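User: Please take a close look at the aromatic residues that group together in this model, and at the helices around them.

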Amino acid sequence: PVVVEVRPEEEFLSWIEDQRLANELAGEAAVAARSRTWTMAELMPMGEDVFITHCATCHQPDGMGQGIKYPALAGGVIPTGPIEAHLERVMDGLAETEMQAWAPQLSDLDLAAVITYERNAWGNDTGDVVQPLTVYSAR
């Protein structure tokens, strides 16, 4: 259902301004995030949080997956292969599978963090640190 609240015009205009400021601050935060170089120590805990929230249901918290439908990321070809292929898979998903595209939903920082995490968790010791600027460029 849709709920409509009738408010005085000045209250509505104030709400519109609050929304504009929130969007502006989010944009500034995104620019700031991709304007710096992040360390693995900073990205790994953020990446783990993103993974647990968005990926672990299918790929399991230990990265072992659930068979062919949800492949293991621990020792997997994508998280231990070329970074570009990993970025493409996470950002764009995979047609005709249940792997969805995360680019529309996650920030550059979240994507950089989760890909860094996947490339360096569960024995995937690539040493790769993906930067938000790299994700931004790949978009």
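Analyst: Phe51, Tyr117 and Trp122 form one aromatic cluster. The model is predicted, so local features need pLDDT of at least 70 and side-chain atom pairs count only at pLDDT 80 or more, while totals for chains, interfaces and linings use all residues. Residues are numbered from 1 along each chain as its sequence is written, and side-chain values use heavy atoms, leaving out hydrogens and water.

Rings of Phe, Tyr and Trp (its six-membered ring) pair if their centres lie within 6.5 Å; planes under 30 degrees apart are stacked, over 60 edge-to-face and the rest tilted. The count by this rule is four aromatic pairs. Tyr117 and Trp122 make an edge-to-face pair, with 5.3 Å centre to centre and 80 degrees between the planes. Tyr117 is buried because its relative accessibility is 7%, whereas Trp122, at 24%, is partly exposed (buried is under 20% relative accessible area, exposed over 50%, partly exposed in between, with a 1.4 Å probe and protein chains only).

Two arginines lie over ring faces: Arg34 is 3.9 Å from the ring centre of Tyr136, and Arg36 is 3.8 Å from that of Trp38. The rule is that NZ of Lys or CZ of Arg is within 6 Å of the ring centre and within 35 degrees of the ring normal.

As for the helices (DSSP runs of H or I, at least four residues, numbered from the N terminus), α5 (residues 83-92) and α6 (residues 108-120) pack at about 125 degrees, with axes 11 Å apart. Axes are lines fitted to C-alpha atoms over the stretch in contact, and angles run from 0 to 180 degrees between N-to-C directions. The contact (heavy atoms within 4.5 Å) includes Ile83 and His86 of α5 and Leu111 and Val114 of α6.

Key
Helix = DSSP H or I, 4+ residues; strand = E, 2+ residues; numbered from the N terminus.
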